[in-house]
Amino acid sequence: MEKIALADGRTLEYLTEGPDDARPLIFHHGTPAGGVVYRPLADAAIRHGLRLVMPNRPGYCGSTSKPGRRVADIAADVAALLDALGADDFVTVGWSGGGPHALACAALLPDRCRAAATIAGVAPFGAPGLDWLAGMGDDNLAEFGAAFRGTAPLDEFLTDAATGLIDVRPHDVITAFGDLLSDVDQSALRSGMADYLAAASRTAVAQGIAGWREDDLAFVSDWGFPLDTLRVPVAIWQGDQDRMVPFGHGRWLSTHVTGATTHLLPGEGHLSLLTKADAIIAPLATA
């Protein structure tokens with residue numbers, strides 16, 4: 001784990017995997033997550049000649065909190081990180097809550113971002129024609145219900161939820177995530193993903209809930225950039241068995257992100273899509 005000092009005095013923590021001279025693949029982690037690399041994703045990036053770079057968003061792990069941040073704010077942090085790495089351009093992937101942040105980089109850093117992909121990424125709240133909550137599991141309905149009511153109710157909800165994650169172990173993950181997991185996602189966990197999800201969850205809340213809270217509030221607020229003027233190639237990956245970020249989000253993004261290439265996959269869930277890392281990354285490597 002490495003850190004840089006940002007112009008506003010905050011610290012941005014990040015980790016890297018792969019050759020220093022390779023083009024960065026900026027990976028935006030899920031919500032809550034951070035501090036842990038999903039090994040098959042890193043290996044796929046390296047196989048395709050890229051360097052995986054994962055910044056921890058503000059409030060996660062060693063990255064300074066930024067109350068009131070918008071999704072758009074990630075672009076300035078990524079630009080500063082690229083400057084520190086000596087990288088002129090990059091490609092980016094965002095999974096789950098990282099999806100909007102990958103789109104922000106594509107929209108706001110078009111001269112540096114060569115291509116982007118979202119994996120089970122969140123769509124904008126209040127988007128016309130999208131029932132944003134439809135298809136979510138009960139825990140997510142309760143979480144965003146608290147977010148709609150404001151910071152204090154959300155803090156109360158997340159503080160309680162974090163107690164179930166701070167010590168979660170691989171054998172506990174299916175129970176801990178409850179009805180958020182479809183059958184295909186439970187299968188992905190039993191096939192080896194449980195170690196990653198447990199570690200990423202523990203790390204995400206080890207320093208508190210600030211990052212999680214700031215993410216949730218940013219998702220249900222104005223993101224700060226348009227999706228219909230993108231000049232960067234974007235791929236939208238979404239499964240129809242996702243109970244965390246339902247299929248309707250990917251379907252909406254596929255018709256509202258300018259020029260998007262869409263992969264709306266029957267039988268895939270929120271976690272199982274990550275097992276398609278090679279297919280997701282390969283087109284980015286040639287952008």
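Buried here means under 20% relative accessible area. All views show a predicted model.

**View A. Tyrosine 196 pairs with tyrosine 38 and with tryptophan 95**. Tryptophan 95 is buried, and tyrosine 196 is too. Tyrosine 38 is likewise buried. The rings of tyrosine 38 and tyrosine 196 form a tilted pair, with centres 5.0 Å apart and planes at 55 degrees. Tyrosine 38 sits in the loop between strand 3 (23-28) and helix 1 (39-47), and tyrosine 196 in helix 7 (residues 183-205), so this pair ties together parts 158 residues apart in sequence. The pair of tryptophan 95 and tyrosine 196 is also tilted, at 6.4 Å centre to centre and 45 degrees between the planes. Tryptophan 95 belongs to strand 5 (residues 90-95), and 101 residues separate it from tyrosine 196 in helix 7.

**View B. Four aromatic residues make one cluster**. The members are Phe125, Trp132, Phe144 and Phe148. The model has six aromatic pairs, counted with ring centres within 6.5 Å.

**View C. Helix 4 packs on helix 5**. Helix 4 covers residues 138-149, and helix 5 covers residues 151-163. Their axes come within 6 Å and cross at roughly 150 degrees. An angle over 145 degrees counts as roughly antiparallel, and helix 4 and helix 5 are therefore roughly antiparallel to each other. Helix 4 contributes Asp139, Ala142, Glu143, Ala146, Ala147 and Arg149 to the contact. Helix 5 contributes Pro153, Leu154, Phe157 and Leu158. By class, the contact has seven nonpolar, no polar and three charged residues.

**View D. Alanine 146 is a buried residue of helix 4**. Its relative accessibility is 1%, so alanine 146 counts as buried. Beyond its neighbours within four places in sequence, alanine 146 contacts Pro153, Leu154 and Phe157.

**View E. Helix 2 and its buried residues**. Helix 2 spans residues 74-85. At 1.5 Å a residue, its 12 residues should span 16 Å, and the end C-alpha atoms are 16 Å apart, which agrees. Buried in helix 2 are Ile74, Ala75, Asp77, Val78, Ala79, Leu81, Leu82 and Leu85. These buried residues pack against strand 1 (2-5), strand 2 (11-17), strand 3, strand 4 (50-55), strand 5 and helix 3 (99-108). Glycine 86 follows helix 2 and has a positive phi, near 70 degrees.

**View F. Helix 2 meets helix 3**. The two axes are 9 Å apart, and the packing angle is about 75 degrees. Angles of 65 to 115 degrees count as roughly perpendicular, which makes helix 2 roughly perpendicular to helix 3. Ile74, Ala75 and Val78 of helix 2 meet His101, Ala104, Cys105 and Leu108 of helix 3. The contact residues divide into six nonpolar, one polar and no charged.

**View G. Arginine 51 is a buried residue of strand 4**. Its relative accessibility is 7%, so arginine 51 counts as buried. Residues up to four places away in sequence aside, arginine 51 touches Thr16, Glu17, Gly18, Pro19, Asp20, Ala22, Arg23, Pro24, Leu25 and Leu85. Arginine 51 and aspartate 83 are 32 residues apart in sequence, and their C-alpha atoms are 15 Å apart.

**View H. Glutamine 186 in helix 7**. At 18% relative accessibility, glutamine 186 counts as buried. Neighbours within four places in sequence aside, glutamine 186 is in contact with Ile174 and Leu181.

View I. A cis peptide bond joins threonine 31 and proline 32, with omega about -10 degrees. Serine 96 is not a glycine, yet has a positive phi of about 60 degrees. Alanine 120, not a glycine either, has a positive phi of about 50 degrees.

Key
Residues numbered from 1 in each chain as written. Predicted model: local features only at pLDDT ≥ 70, side-chain atom pairs only at ≥ 80, totals over all residues. Heavy atoms only, no water. Axes fitted to C-alpha atoms, helices over the stretch in contact; angles between N-to-C directions. Helix = DSSP H or I, 4+ residues; strand = E, 2+ residues; numbered from the N terminus. Parallel < 35°, antiparallel > 145°, perpendicular 65-115°, else oblique. Contact = heavy atoms within 4.5 Å. Nonpolar A, V, L, I, M, F, W, Y, C, P; charged D, E, K, R; others polar. Phe/Tyr/Trp six-rings, centres within 6.5 Å; stacked < 30°, edge-to-face > 60°. Buried < 20%, exposed > 50% of the residue type's maximum accessible area, 1.4 Å probe, protein only. Expected span 1.5 Å × (residues − 1).
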